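Please follow the paragraphs below with the sequence and the three-dimensional view side by side. They move from charged pairs to backbone geometry, and then to a helix and a surface patch.

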Amino acid sequence: MDVVDSLLIFGGDAVRWVCAALATLFGSVWGGLDALLNPLLSPLLAVLNPVCTAIGDVTYAIVRTLPVWVGLTLLSVLAGIAMLVIFRYMSNQTGITRAKDQISANLLAIKLYRDELRVMFRSQWGVLCGVAKLQRYVLTPVLIMLLPMMLGLAQMGMRHQWRPLQPGERTLMKVRFDAEHAVAGQIKLEPSPGLHVEVGPVPGGGELVWRIRGNEPGRHTLRFRVDGTVVEKELVVGDSFERVSAVRPGAAWASQLLHPGESRLPAGSPVASIEILYPAVDSWVYGADYWVLYFFVVSMASALLLKPLFRVTF
Amino acid sequence: MRWFEGPRSRRFASRAGRTRRRGPSFALLTAIVIVLGLAEPAAAYIGPGAGFAVGTTLAAFFVAVLSSTVSLFLWPIRWLVRSIRGRRAHAKARVKRVVILGLDGMEPTLADRFMAEGKLPHFSRLANEGTYVRLGTTAPPLSPVAWSSFLTGCNPGKHRIFDFLTCDRRQYIPQLSSVSIRGSARTLKVGKYRIPIGKPDVRLLRKGKPFWNVLGEHGIFSNIIRVPITFPPEPFHGVLLSAMCVPDLRGSQGTFSFYTTRGEGEAEYIGGEQLRFERNGKALRSHLIGPPNSLVQDAPPIHCPFELTVTGRGVATLRVCGETVQLEQGVYTPWVQVAFKAAPGIKVKGICEFLLLRTEPEVELYVTPIQIDPTKPALPISHSAAFSTYLAKAHGLYATLGLAEDTWALNARILDDEAFLHQCNEADAEREAMFFDALDKVRRGLCVCVFDGTDRIQHMFWRYIDPDHPARDGQGGRECRDAIEKHYIQMDDLVRRTMEACDGEDDVLMVISDHGFCSFRRGIDLNVWLEQNGYLTLKPDGRGKKYLAGVDWSKTQAFALGLAGIFLNVRGREAEGIVDPKDADALREEICAKLATLRDDESDEPAINRAFNAHSIYRGPYKGDGPDIIIGYHRGYRVSWEAAVGEPTDQLFHDNDKAWSGDHCIDPKLIPGVLFSNRKIKAKNPRLLDLASTVLELFGVKVPGHMDSRPMAVADVDGHFPGGPESPGSAERADDTDAGECVAGAERVGGGQG
């Protein structure tokens, strides 16, 4: 038993070590790439996000007339169709068909010549090569879809991931500071009709935290005075289905991509980001996190169903 | 000419170009994907795009990994089972693999000539290092009969195939001899629809068991490609793709369509039809004619509309089934998949090729017979059912029709020689891909593949090598005049590649043909001869009517139908029979004797060499199911086109001025096939039907007693014959052979083990 325990412990440690090593490796790679890409992508997103948000507002002005799940379904189906059209014209349909044929032929060869081990193993290799080819042909349209789809999903996330704070409902608000700035003692939150500060600011871990309570319904602007500069954050209070921006990001492209509702904080600001922990939308269909799954299922299902109509192979 | 460029090769070229161009961008895009993919977990899912990427490949990847894993785990068990089975199956085998390459209709005299001229070096090599002999064929020497004897090892009296067509004796109409296709017997009526209960009844009428079924019973695997009279396919241990008698989607043996803007409207040809385009602005509209819709009352044919727009001189755009196909005058399209809607949600799928014949002064379009789509076959065309799909996925779409090369369209002058030649070459190219794939996959067992190009090209181009042929003023260029010779040279190259693929010591290669070939200059209207000799009487207005509709049965003792021979109108057997069964044999002998004296006054030559009493030359339970008299025509003669379809004319001899200028339906003794092998083979007067037992014996499998086939002695790779210089079979046969160089099937089958 001791040997088994030792082996299990050793095994567990080994797995942890490998995971940690991989995380470090990916972290390093990611850090390097992030530094490389940020000067390019951050300004680009600063331009794209307001446009996308305006389009999102117009779209949801129409969709919000429907029940939320119907609206999400409609958007998912439309996304599926849009992706089909992109796939139709941006992919190498002949190549995809050939790769799929190669996979099918090799799978059938395994079935038909199962007594010939040589054929069986060679066919399995053929299947794997076919899969690799297919991935290659699928790559181009996926890359073309990547940016618009991520921008669109970020817009949908602002509606389906979080909901506005209800009047009287409590939550936390966090202001994170740039690493070069100490937690500023002289920060001041100007009073707003939208909220009532219950506790705070409480410093800790490079950020200040407030416990706030929703007050008057509406879309309010919070103003923070920090080292003589004014930094703003939007707060939404109310019962209705509204777009909410949980985070006002700094000049970090990944954060900008995920939180497109507000412009990035100005360069040189001591504040790195401001976050309001809005309550998650509670629904098994269109609520927090589930909406992505629902979107995936419905968009894929509609794409599969409409595939023959659009004569798309994938 | 552009026929030989082949759309496929150009397609591959363009694909290759595209792949090269994508190289650098591929690396860049991959880098971007890695960057974005690593962004954050929340961004990992990017919507349906990623779904497509994952969905399309994950399933295949999963199946591949799963099957690999299962295979690896099962490998020891499989190895054990396979070893035990294999050892038992091949325990007595003298060889690992037998490869039979069938070249339908290869003529020995032409082979001799081309070998002597040094044009067939690989055939010569086989002849010098192995075997080259004449191979006795069957009576009649027709492909369905000969190949049926080859695969069953039996005479026609046992496999029941005597001709392409046989006679429905209740109605005196021709019907296909090898297969019967009927819709489901029971249907459920729902509104205008008739929903069939059960599958259509597709029945193979050929009797007897193919020798690969016998091999399969002993655990030996076979890969059989396009051997005639294998439709519908029978289950056995191996894979098989059916050939001759596989119908097109309409159920016929091949009906082409010819579309034109010419004024004369619709017309009918033998094996095809002419349809008119309807003008709609710049576009020309018409429809493909599909299968009868058995889901509705009266089963009208299903149509598939298409639109043709002439976009310039010699170019046009075709829109069919949502696809757009660019047409260029004189260039075949690749196979196009078309669908015929039988009912909501129910489609019958087919494939066809389009050929824009001209755009000026009139627009003319040729469409091949619409064939069964091998990826979704409307009727079973292979065993396993997945085999036809496998071949299509592995090598692309291919012709599935039994007689894939459209001889009727060339006869009707819809196609010219070059266009027809393209079809032959394309069909052979498709088959080559399948054949070499089989050689690659099957290292132990039997591989058989039959190529039809030799037969079709000789049928249609013999007029170029026969200076006395009535149709000798052909239209083709040099390419067509040398088509037969060139095709033999192509087959020589095929033999070279086959020899390279069969270089193992335990591989036996046999190259065979089912019969030879000769000129078909004059046709004999047998019904006229019967009428002149008082055996057949026509109704007052009966002359010129097809399918024996003009025959007065109350005064007719015998009639001709099909290519092989003459039927007696026997009381109790035929619906309106008048010949007493007791007198039938005497009548058969009487007609045979008279026919043997028939001469062609114009050429002052005998027209018929011999006529055989079928009841004397066949043995077996079905000997009475075929014609009563089999005609052994002299060289240059055959049954006339009109007599073949039971249409009595007013003259006995007809010049054959059709492109179909070569034939083989003559006295079998005059038209043997060939047998080449990479092994020494000793047999006196070998016959096509002896191949079955020879192969069985090579694999150490006992030859079933019902077979008429007797094994030939095949030497080991070192040239020694096991058990002595002559096999027992050939010794036994020594007393019943003819003195001639080859033994025609007629006598031999007569000597079969009844």
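This is a predicted model: local features need pLDDT of at least 70, side-chain atom pairs count only at pLDDT 80 or more; totals for chains, interfaces and linings use all residues.

Asp57(A), at 31% relative accessibility, counts as partly exposed, a class that lies between buried (under 20% relative accessible area) and exposed (over 50%), with a 1.4 Å probe and protein chains only as cover. Its side chain meets that of Arg243(A) in a salt bridge with an N to O distance of 3.0 Å, the term standing for a side-chain nitrogen of Lys or Arg within 4 Å of a carboxyl oxygen of Asp or Glu. The pair links distant parts of the chain, for Asp57(A) belongs to helix H1 (residues 2-63) of chain A, while Arg243(A) sits 186 residues apart from it in the loop between strand E6 (229-237) and strand E7 (247-248). Helices (H or I, at least four residues) and strands (E, at least two) are DSSP runs numbered from the N terminus.

Residues are numbered from 1 along each chain as its sequence is written, chains are lettered from A and ligands numbered from 1 in the order in which they are written, and side-chain values use heavy atoms, with hydrogens and water left out.

A further salt bridge joins Glu242(A) and Arg64(A), whose closest N and O atoms are 3.8 Å apart. Glu242(A) lies in the loop between E6 and E7 of chain A and Arg64(A) in the loop between H1 and helix H2 (68-90), so the pair ties together parts that are 178 residues apart in sequence. Both partners are partly exposed, Glu242(A) with a relative accessible area of 23% and Arg64(A) at 40%.

Glu198(A) and Arg213(A) form another salt bridge, with 2.9 Å between the closest N and O atoms. Here Glu198(A) belongs to strand E3 (residues 195-204) and Arg213(A) to strand E4 (residues 207-214) of chain A, and the two residues are 15 apart. Glu198(A) is partly exposed at 23% relative accessible area, and Arg213(A) is likewise partly exposed at 27%. In chain B, salt bridges that share partners join Arg169(B), Arg573(B), Glu574(B), Asp585(B), Arg588(B) and Asp628(B) into one network. Over all chains, the count comes to 64 salt bridges.

The backbone also deserves attention. In chain B, a cis peptide bond with omega of about -5° joins Phe231(B) and Pro232(B), and Pro232(B) is found in the loop between strand E9 (222-227) and strand E10 (238-242). Another cis peptide bond, with omega of about -10°, joins His383(B) and Ser384(B), where Ser384(B) lies in the loop between strand E24 (382-383) and helix H9 (385-395).

Positive phi in a residue other than glycine is found at Arg311(A), with a value near 55°, and at Leu548(B), with a value near 60°. Arg311(A) lies in the segment after helix H6 (290-310) of chain A and counts as partly exposed, at 36% relative accessibility. Leu548(B), by contrast, counts as buried at 2%, and its place is in the loop between helix H15 (526-532) and strand E28 (558-561) of chain B.

Chain B as a whole contains 21 helices and 39 strands, and 57% of its 754 residues count as buried. With contact meaning heavy atoms within 4.5 Å, 67% of the contacts in chain B between residues at least 6 apart in sequence join residues at least 24 apart. In helix H5 (residues 121-129) of this chain, His122(B), Phe123(B), Ser124(B) and Leu126(B) are buried, and what covers the buried residues of this helix includes helix H4 (108-116), helix H14 (483-501) and strand E37 (673-677) of chain B.

Val81(B) is found in helix H3 (residues 48-90) of chain B and is partly exposed, with a relative accessible area of 42%.
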